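Please look over the sequence and the structure below before reading on.

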Amino acid sequence: MSAAFPDFRLGNVLATSFTGTLSERHGNAVERIPTPQRLVDWLAVSGLAVDSCTTAQLDLARELRESIHAAATAAAIQDALPASAVQVINDCSAQGRAAAILTPEGKRQWRLSSPSCVEDALSVIAADAISVIAGERDGKLALCASLTCRAAFFDTSQSRSRKWCDMNTCGNRQKKARFNANQRKNPRSAE
């Protein structure tokens, strides 16, 4: 993949990983799918390979991403789900043609229609979002504690008290900031 684009931030939950294609939403936003080809790349690494993507399909994908983020955020703070977001998620879920298949290793994998198209992949992402937001999985939706990020993520930790969407980015930045603040307060502790 091209070094001109930021790395993908992939998690264990497809829907929240998809919302992570736009990060730092309350700071200097980082768009990880700025082009149709970049969406094709993200779908491929997420197990949803498609043949191609148009600008209109990229727009639809971004609309779904923002709808999932809005609904997941509302669910995380136990607020009413935005009707417009629910409609987009439901529409995307219903438009695709994909089937869950069982691999010989006992894993679930998605088989898209032939030829595979972006709408098929988006239907899988929307169905995953429905499962997470509806509370059908063991875990809970939460928001990243970083004030510039506020990404929705699915917390499956034993205590369900995770604070960061990604410990390697948001969590690490917070730890560095806390360390630097302590160094400024106590400059002698660095000796």
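What follows leads from the basis of the model to a few individual residues.

This is a predicted model, in which local features need pLDDT of at least 70 and side-chain atom pairs count only at pLDDT 80 or more, while totals for chains, interfaces and linings use all residues. Residues are numbered from 1 along each chain as its sequence is written, and side-chain values use heavy atoms, with hydrogens and water left out.

Most residues other than glycine have a negative phi, and most peptide bonds are trans. Against that background, the bond that joins Ser114 and Pro115 is a cis peptide bond, with omega at about -5 degrees. Pro115 lies in the loop that runs between strand β4 (108-112) and helix α5 (118-133), where helices are DSSP runs of H or I with at least four residues and strands are runs of E with at least two, numbered from the N terminus.

Gln78, a residue other than glycine, has a positive phi, near 55 degrees, and sits in the loop between α3 (55-76) and α4 (83-95). Its relative accessibility is 76%, so Gln78 counts as exposed (exposed means over 50% relative accessible area, buried under 20%, and partly exposed in between, with a 1.4 Å probe and protein chains only).

Arg150 likewise has a positive phi near 55 degrees, and is found in the loop between β5 (140-143) and β6 (152-155). At 28% relative accessibility, Arg150 counts as partly exposed.

Ala44 belongs to helix α2 (residues 36-45) and is partly exposed, with a relative accessible area of 43%. From C-alpha to C-alpha, Ala44 and Ala121 are 9.8 Å apart in space, although 77 residues separate them in sequence.
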